[in-house]
Amino acid sequence: MADVPLFELRGISKEFPGVKALDDVSFEIRAGEVHMLVGENGAGKSTLMKILCGAYRADRGAFFSNGAPVTIHDASAARQFGIAVIFQDFTLVPYLDIAQNIFLGREFASRVPGFIDRRRIYAEAKRVLDGIGFHIDPREPVHGLGVAQQQMVEIAKALSQDARILVMDEPTAALSDRETELLFSMIARLKAKGVAIIYISHRLSEVFALGDRITVLRDGRKIADLLPKETTPDQLVTLMVGRPVDTTYTRPERPSPGEVALEVKNLSGPSGFSDVNLTVRAGEIVGLCGLVGSGRTEVARAIFGADRVTSGEIRLFGEPIAESIETATRRGMALIPENRKTQGLALARSVGDNIVLAGLRKMFPSGIFVPRRALKAAHAVIDKLRIATPTPRRPVGALSGGNQQKVVIGKWLNADAKFFIFDEPTRGIDVGAKSEIFRLLDGLVHNGAAVLMISSEQIEIVHICDRAYVMRSGRIAGELAHHELTEANIVRLGIHQ
Amino acid sequence: MSAPGLSLGSLPLSRVPGVAVVLVALCAIFGVLSPGFTTPANIANILSQSTILLLLALPMTIIIMTEGIDLSIGAVLTFSSIVLAVTVIATGSVTLAFFTALAVGLCFGLANGALVALLDIPPFITTLGTLGIAQGLSLLVTDGQSVVGIPPAIEHIYSGTVAGIPLPVIVAALAYFATHALLYHTRFGTYVFALGGNREALRVAGISVRGMLIRVYAFGGVMAGFAALLMTARLNSAHPTAGIGMEFDAIAAVAVGGTSFERGNGWLLGTLLGVIAVGVLRNGLNLLAVPSSTQVACIGAMVIFALFIDGLRSEQ
């Protein structure tokens, strides 16, 4: 390895109409190193990686492979230098099996033209999978695999193409803690083999646990090149946002809780939870935590009426509701889903259209749509939540993640929702915008709403919630009052004994 | 499930019952209601009559797996059949006529593929347009009349037998196994799964999505041209309305067979069973002297019923 980097980008600049996405950025990749790339959304991380893998062309700048100048003008050129991207949305074909996916487009030909040498494909796939310690039958179809397993297949696919530089974009975003550990141990194994890894992450704990080096981007510029040992999380966050921001949002005083908004009694359902009891009062933010798979999301879906219930009772503001999204929303319940892009928003429609969507029945009881009234309502929500959009006519898809989240919340505010379920409200949202989401949650409860918040980020639960329920294997393992609410307690209740 | 052995095909076990239940139920019903149903002659008849539909339903399965559709397949079959009849009458050469029909089918298939792949016109619209064109050409060439006077050699293709097995059944069986090999054992087949399942994956792998789409629709056209031979032989003539509604039967057979219209989830054996189910239904209703308009309604009901059963199963 010596001092010559495996691959180097020097002085990369890239401009899009109206935006300077990258400005004179240099970046080195060394063999056997995990290089963390951090920065807020819009800092230029994705653009830089797209240039590296040949999806975009840089306006200016040079590439060096093992010290020798090279050019990358398309994806196949990048592949030649061993650069592979593990995409966030996978490039797998659901109804092909693992081996067919690994070798898609590179099938071994049999003697008959056009036909595939199946035996060789499965043998080679097995070899690659064993090489990364992923022991699975390569004949397994991909559509039955979990997210973590699909990710492993993606990694195997990249390695089978002799990748020496792997780009991972928020690889743990959809993984449980256990799956994350598996991924980390695989990364260690890849490092030992001399593979270089560029790792984009919003999670500071990962940055420090995994990184050998950290590059910070901000507004298209390289701000710092750091060693984790010599840096503190607070310093890193300051560099990322360019102004001091508490990683941990401090919440203002809350009014004392009011009437019971939601009461769940002995709720059991076929999706894998049983005997769940919980209450949420007006003016409270109550956390629902536990490992992925502990039943958190399932309980939330059942409360919202999206999933079936076998026994038990759900009361909203004293009135029983059962298994109907329609009655739940009419009585003022709102679910802000984890995946806002597919479940919460019509991305191609305007901000204004999205805001009025849930309140249409209330706003236009006659069924006739009055554009002027809709626009007025949209403006009111945009002002109230300070959604950064020049006009309500802008497509929601063009907004940042934090602002999209605000549109989802605004949609329900406009529908007069009084009880909110938030499923992972900060997923995929950058550090600066997180505080703003928390401020928004606080604003909701200050105005008398009740909030049930599901989050995998225990630190967020600790800082934002008044109380929390911890689930384990489909049951409530315990309730933590405010003075007991610590990360350690959540973990203690949440893990299997 | 993708990779099947050469054995059965593969695919979602949860799908098998829908089409199997339908097929068993139909046989039971018609077995009881009409005595002639279970005779060997009638069973051979059902199989023979199903062959043309199978030749259309096989490519239709592949097209639907790519999240496409080919509405023109019945009209292309008709026009190919007319061209075949006209050619054979004019030249006397069955071989030449057969290849001309294949060429006509291929041209329509290529046109469909090019419009879908190169101009990005949705498959539904594209093939609705070519349906109209092919249908119009059929009427134009024939002036609405049947084309008769075809040499008897062609008729033997449909009525002939080899070792007691009807020739069209042998042809259809060969077509089935060839399509099976194509779908499950070649690069082409692998990319068909990817076209419906994840086009981006195909693009990233450096495979031309457009080229693949053109080939998929061209396959449909060629198979329609091929089916024209059996159709002309069966009718011993060519008729400008003979293939009307065949696309409906083909799509119905594919749907009954459990191929999904999303995500590239297809099952070729299911299509074979679906074709037989449509054939059994039509044959049984014919024996009961049910008018053909009612038969179409029954096929529609059968599709819904089969998918309902599949839905019940996958819910559990």
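Where is the place of B:D143 in chain B? I found B:D143 in the loop between α5 (123-142) and α6 (152-159) of chain B. I take helices (H or I, at least four residues) and strands (E, at least two) as DSSP runs, numbered from the N terminus.

**Ground rules**

I am working with a predicted model, where local features need pLDDT of at least 70, side-chain atom pairs count only at pLDDT 80 or more, and totals for chains, interfaces and linings use all residues. Residues are numbered from 1 along each chain as its sequence is written, while chains are lettered from A and ligands numbered from 1 in the order in which they are written.

**Positive phi values**

I looked up phi for B:D143 and got a value near 60°, positive in a residue other than glycine. Most residues other than glycine have a negative phi. I count B:D143 as exposed because it has 7 C-beta neighbours inside 10 Å. My cut-offs, with C-beta atoms placed from the backbone: buried is 20 or more other C-beta atoms within 10 Å, exposed is 12 or fewer, and partly exposed is in between.

A:D24 sits in strand β2 (residues 19-29) of chain A, and its 14 C-beta neighbours inside 10 Å make it partly exposed.

**Chain B, inside**

Next I checked B:A75, in helix α3 (residues 73-91) of chain B. Why does B:A75 count as buried? Because 28 other C-beta atoms lie within 10 Å of B:A75. Leaving out residues up to four places away in sequence, B:A75 touches B:L131, B:A134, B:Q135 and B:G243; contact here means C-beta atoms, placed from the backbone, within 7 Å.

I then followed helix α10 (residues 209-235) of chain B, whose 27 residues reach 39 Å from first C-alpha to last, close to the 39 Å expected at 1.5 Å a residue. The expected span is 1.5 Å times one less than the number of residues. Of the 27 residues of α10(B), 22 are buried, so this helix is largely enclosed by the rest of the structure. After α10(B) comes B:N236, with a positive phi near 55°.

**Where the chains meet**

I found 21 residues of chain B in contact with 17 residues of chain A. On the chain B side, α8 (187-197) and α9 (199-204) each supply at least two residues, and α8(B) gives the largest share, six residues. That side divides into nine nonpolar, nine polar and three charged residues. For the classes, Ala, Val, Leu, Ile, Met, Phe, Trp, Tyr, Cys and Pro are nonpolar, Asp, Glu, Lys and Arg are charged, and the others, Gly among them, are polar.

**Chain A strands**

I traced an open sheet of four strands in chain A, in the order β12-β11-β14-β15, with antiparallel pairing. Strands pair if DSSP finds at least two bridges between them. The edge strands, each pairing on one side only, are β12 (273-281) and β15 (319-320) of chain A. Six bridges join β11 (residues 260-269) of chain A to β12(A), and A:L262 stands opposite A:V280 in β12(A).

Last, I looked at β19 (residues 467-472) and β20 (residues 475-480) of chain A, antiparallel strands joined by five bridges. A:A468 stands opposite A:L480 in β20(A). Two residues lie between the strands of this hairpin, where A:S473 takes a positive phi near 50°.

Conventions:
Contact = placed C-beta atoms within 7 Å.
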